[in-house]
Amino acid sequence: MRVRFGECVLDCDLRELTRAGKAVPLLPKVFCLLEALIERRPRAVSQAELRGLIWTDVLAGGTRLARLVSELRVAIGDVGRPPRFIRTVHRFGYAFCGSAEEECIQGPRPANGCALQWGDRLVPLTRGENLIGRAAEALISVASAKVSRRHARIVVAEGRATLEDLDSRNGTYVRDRRIDGVVALEHGDPITVGPVLLIFCAANDQETVSTNHAT
């Protein structure tokens with residue numbers, strides 16, 4: 001999903017926020033907050049729901065959430081009154097109140113050419129580590145008790161990708177086999193993590209892959 005609001009663009013697949021054409025660094029939890037509010041717009045989202053999305057493993061009070069909201073407002077230039085984008089709902093939570101336009105993502109893949117097909121989404125992989133797990137900061141963040149916080153990772157280097165299970169409780173499967181150690185990925189490989197099926201798409205292959213694999 002790619003959403004434009006004001007002078008900002010949020011790209012959920014690339015996990016990137018830009019403002020006036022320049023990348024804005026965000027802490028993973030701040031990015032997760034923005035993503036949650038954008039996806040649920042214009043609905044008001046309760047503090048309890050937001051805390052459950054952002055802090056999956058620990059309890060967090062309203063003060064910590066308010067601090068994240070303040071950081072987000074500064075990052076997107078929403079510091080005036082009345083707010084342009086993030087509205088406080090008294091004694092309830094927050095809502096995205098600004099005008100936003102969802103854009104279609106077209107054009108070539110990222111430079112390394114590797115991606116994961118997740119349902120109808122194509123999630124580009126970055127060079128280096130790409131985390132899969134229940135953690136909010138994971139590239140593929142899966143809210144399931146069957147998925148460990150840091151479940152597995154894909155490392156992309158020099159045009160090739162490898163998959164490694166990170167001692168997860170329920171394991172990681174490639175081509176319906178539980179992996180042990182580091183496994184090299186090939187185009188079309190089905191990867192199963194808990195309830196989620198991912199398809200690895202290799203460099204320079206422009207077609208998506210059918211997801212009719214057994215899970």
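This is a predicted model: local features need pLDDT of at least 70, side-chain atom pairs count only at pLDDT 80 or more; totals for chains, interfaces and linings use all residues.
Biologist: Which residue stands opposite Ala161 in β14, and why are β13 and β14 called a pair?

Modeller: The residue opposite Ala161 in β14 is Val156. Two strands pair if DSSP finds at least two bridges between them. Strand β13 (residues 152–157) and strand β14 (residues 160–165) are joined by six bridges in the antiparallel sense, so they count as a pair. Ala157 has Arg160 as its bridge partner in β14.

Biologist: In which order do the five strands of the open sheet lie?

Modeller: The order is β12-β11-β13-β14-β17, and the pairing is mixed. At the edges are β12 (140–141) and β17 (182–184), each of which pairs on one side only.

Biologist: Which residues of β13 form its covered face and which its uncovered face?

Modeller: Ala152, Ile154 and Val156 form the covered face, whereas Arg153, Val155 and Ala157 form the uncovered one. In a regular strand the side chains alternate between the two faces of the sheet.

Biologist: What makes a group of residues a nonpolar core?

Modeller: Such a core is a set of buried Ala, Val, Leu, Ile, Met, Phe, Trp, Tyr and Cys residues joined through side-chain atoms within 4.5 Å. The largest nonpolar core has 30 residues, of which Phe5, Leu33 and Ile86 touch the most other members. At least two residues each come from β1 (2–5), β2 (8–11), α1, α2, α3 (62–75) and β7 (93–96). The most, eight residues, come from α1.

Biologist: Which residues are in contact with Leu33?

Modeller: Contact means heavy atoms within 4.5 Å. Leaving aside neighbours within four places in sequence, Leu33 is in contact with Leu50, Ile54, Leu65, Leu68, Val69 and Leu72.

Biologist: Why is Ala20 called exposed?

Modeller: Buried means under 20% relative accessible area, exposed over 50%, and partly exposed in between (1.4 Å probe, protein chains only). Ala20 has 55% relative accessibility and therefore counts as exposed. Ala20 is in the loop between β3 (16–19) and β4 (22–23), and its phi is near 55°, a positive value in a residue other than glycine.

Biologist: What makes Asp167 exposed?

Modeller: The relative accessible area of Asp167 is 77%, so Asp167 lies over the 50% limit. This residue has a positive phi of about 55° although it is not a glycine, and its place is in the loop between β14 and β15 (172–174).

Biologist: Where are Pro42 and Pro82 found?

Modeller: Pro42 is in the loop between α1 and β5 (45–46), and the peptide bond from Arg41 to Pro42 is cis, with omega near -5°. Pro82 is in the loop between α3 and β6 (86–89); a cis peptide bond joins Arg81 and Pro82, with omega about -5°.

Definitions and conventions. Residues are numbered from 1 along each chain as its sequence is written. Side-chain values use heavy atoms; hydrogens and water are left out. Helices (H or I, at least four residues) and strands (E, at least two) are DSSP runs, numbered from the N terminus.
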